[in-house]
Amino acid sequence: MVVVTTIRREVLTLPAAEVGPDNPLPPLRPLDEVHRIEDRDRDLLPREMARQIGCAPLRSLLPVRVRDGYGRTRTPRPVDALVLENDRLRATVLPGLGGRIASLVHKPTGRELLYRNPVFQPAGFALNGAWYSGGIEWNIGATGHTTLSCAPLHAARVPAPDGGEMLRLWEWERLRDLPFQVDLWLPDGSDFLHVGVRVRNPHERPVPTYWWSNTAVPEERRILAPASEAWHFGYERRLCRVPVPVHDGIDRTYPLDSTYAADYFYEVPDGRRRWIAALDEDGTGLVQTSTDVLRGRKLFVWGAGPGGRRWQQWLTEPGTGGYCEIQAGLARTQLEHVRLEAESEVAWLESYGPLQAPPPAGEWDTVVRRTEERLEAVLPRADVEAAYAAWRPYADAEPGEVLAGGSGWGALEVLHAGWKLPGTPFPESTLGEEQEPWRELLRTGSLPEPRRVRPPGQTLVAPHWRDMLETAPGTPSTEYHLGVAQWHAGDRAQAVRSWERALVLAPSRWPLLRCLAVADQEAGHHERAADRYAEAFEDLCHERRDSDEEWTAATAALGREAIEALLGAGRTAQARSVWDRLHPSIRARGRFRLLHAELLLAEGRPSEARAVFDAGFEVADLREGDERIGRVWDRTGGGPLPGRYDFRMRPEPSRDPLEHRA
């Protein structure tokens with residue numbers, strides 16, 4: 001048989017917003033995450049679920065930076081893509097944006113199987129900020145959307161089991177320090193895209209592991225999975241078991257029949273084939289199935305209420321259809337992390353393709369059975385297992401032509417530990433400017449001082465890097481980075497001492513003062529924190545260069561924190577002083593327009609604060625579940641929240657508590 005599967009480069013032109021610079025301030029505070037449950041509820045959960053929910057949940061974003069420099073101005077921009085294609089399917093992959101499959105087209109019918117977002121618009125849904133909707137995304141690290149959502153991955157051609165080519169994506173996930181790979185394999189003549197995934201733990205200790213593959217599909221579908229129960233998690237942080245499909249008189253498997261955003265984690269019985277499908281009223285749509293290691297299946301719906309509709313508009317452009325998500329993960333719920341033993345790995349195979357089944361309306365068990373029978377006819381469960389077995393020997397195949405480049409962080413870790421990772425090379429040639437100080441520390445035992453005044457570079461916080469910092473000469477830069485690493489390790493007293501030592505000699509004081517201010521806030525010393533924030537911002541203003549993107553990011557980040565701290569301490573005049581020293585381009589951003597309304601309220605000027613709302617603004621980095629806009633609106637005089645500001649993802653307390661999104 002002649003293999004005709006091809007991989008080619010392509011450039012898409014999309015209305016796209018710039019991702020912008022990362023926030024240079026290290027994220028010392030706990031995550032503003034909503035994906036947690038009350039400890040009192042764990043005793044009511046199945047033992048394995050309760051144990052995995054308690055398996056080292058993420059407490060910090062370090063060493064990753066927050067990515068909040070994006071806006072909402074979209075202009076046509078080129079986006080690099082890799083296209084994997086046979087005579088049946090065409091998959092379009094974005095290696096520079098998390099390796100997402102942006103499109104999956106069934107060529108014989110011309111049908112797009114996914115929800116394909118016609119724009120690229122970052123929004124604040126990833127663990128570290130920037131994320132975008134649509135396609136199939138690969139989530140690794142910890143509960144939530146991966147920090148790699150808008151980051152580049154390595155990509156290359158590799159041999160496929162059928163003699164053709166696969167597209168390999170790989171990177172180093174920094175929250176858990178784990179390398180992973182995603183192999184996209186499209187056999188000749190196949191209606192199904194096979195995806196082989198491997199996550200490795202090269203360390204001599206167990207590591208908590210997380211993976212969910214999220215697929216966006218049009219919401220005018222019925223979502224089917226082999227389950228009669230599901231676990232629901234809401235903003236009240238309660239995890240409860242509910243029946244499928246009908247709960248509280250509503251069939252929750254029709255995304256638009258729910259009013260509010262909601263998560264449902266399906267309880268697929270042991271031994272049952274793992275699959276989930278999104279079918280239209282004729283029974284046509286997409287199905288995802290996998291080997292049994294990927295045990296979890298989930299439905300997320302935005303709902304038909306005003307908040308869900310507003311979010312849908314926010315993530316794309318007016319006039320486009322909405323979407324829901326069908327997902328698959330290593331655990332039953334996204335609140336869980338799975339223990340990956342030392343020097344081991346976990347691997348599985350997923351398959352995505354079109355499905356034509358009987359119309360999905362009708363009695364649940366019958367519809368599920370008929371759909372599963374159709375799936376078995378077009379892609380037998382045994383064939384998925386056979387594809388997995390065929391792929392495994394090729395997972396170690398060395399990449400051929402490099403098609404895209406990722407970060408140099410994996411190369412730095414491999415350089416330090418000397419690991420051999422067949423199939424996922426991290427060569428020294430990928431090291432860049434961000435890694436250079438740490439390579440110098442590794443080579444000489446000393447962390448170099450910056451050659452020019454600039455915001456501090458990224459900090460590494462893993463134990464082996466912290467150990468090297470502790471034995472390095474105690475320069476201001478070393479003490480700063482050591483303090484961040486100690487803070488991440490939970491040794492806050494030592495972190496404060498390191499920052500205080502550096503403060504005596506540091507030519508640039510504001511990064512240290514900001515760290516100490518955060519430490520004061522966390523310890524409840526809000527007056528001292530306000531003092532330090534004011535001093536830090538004053539020091540930054542003497543150094544900043546408003547024409548420099550990195551300095552602008554630092555000024556915006558520190559200015560926002562300083563104003564919030566000063567308002568919290570009742571120092572309105574000082575908060576106004578910081579506001580007045582921000583560059584006009586910063587003050588014009590939506591986040592700062594909202595902050596200005598809060599400042600006006602603190603000054604006793606509610607009518608002027610209300611005028612800020614009347615003039616209109618958009619908070620580009622609004623976080624999932626953030627209700628701050630509504631709270632500030634109420635303080636300006638209240639009344640019905642205008643639709644443009646209504647991002648509420650939950651009902652009022654008196655309404656149905658099960659229609660919340662995790």
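Visitor: At what angle do helix H5 and helix H6 cross?
Guide: H5 (residues 409-417) and H6 (residues 436-444) cross at roughly 5 degrees, and their axes come within 11 Å. Axes are lines fitted to C-alpha atoms, for helices over the stretch in contact, and angles run from 0 to 180 degrees between N-to-C directions. Helices (H or I, at least four residues) and strands (E, at least two) are DSSP runs, numbered from the N terminus.

Visitor: Parallel or antiparallel?
Guide: H5 and H6 are therefore roughly parallel. Angles under 35 degrees count as roughly parallel, over 145 as roughly antiparallel, 65 to 115 as roughly perpendicular and the rest as oblique.

Visitor: Where do these numbers come from?
Guide: This is a predicted model: local features need pLDDT of at least 70, side-chain atom pairs count only at pLDDT 80 or more, and totals for chains, interfaces and linings use all residues. Residues are numbered from 1 along each chain as its sequence is written, and side-chain values use heavy atoms, with hydrogens and water left out.

Visitor: Which residues of H5 and H6 meet?
Guide: From H5, Trp 409, Leu 412, Leu 415 and His 416. From H6, Trp 438, Arg 439 and Leu 442. Contact means heavy atoms within 4.5 Å.

Visitor: Next pair. How do H8 and H9 pack?
Guide: H8 (residues 476-488) and H9 (residues 492-505) pack at about 165 degrees, with axes 8 Å apart. That makes H8 roughly antiparallel to H9.

Visitor: What is the handedness of that crossing?
Guide: H8 passes H9 in a left-handed crossing. Left-handed means the near helix is turned anticlockwise from the far one by less than a right angle; right-handed means clockwise.

Visitor: And H15 with H17, at what angle do they cross?
Guide: Roughly 35 degrees, with the axes of H15 (residues 590-602) and H17 (residues 628-635) coming within 10 Å. The crossing of H15 and H17 is left-handed.

Visitor: Off the helices now. Where is Thr 333?
Guide: Thr 333 sits in the loop between strand E24 (323-329) and strand E25 (338-340).

Visitor: Buried or exposed?
Guide: Thr 333 is buried, at 0% relative accessible area. Buried means under 20%, exposed over 50%, partly exposed in between (1.4 Å probe, protein chains only).

Visitor: What does Thr 333 contact?
Guide: Leaving aside neighbours within four places in sequence, Thr 333 is in contact with Met 49, Trp 212, Trp 231 and Phe 265.
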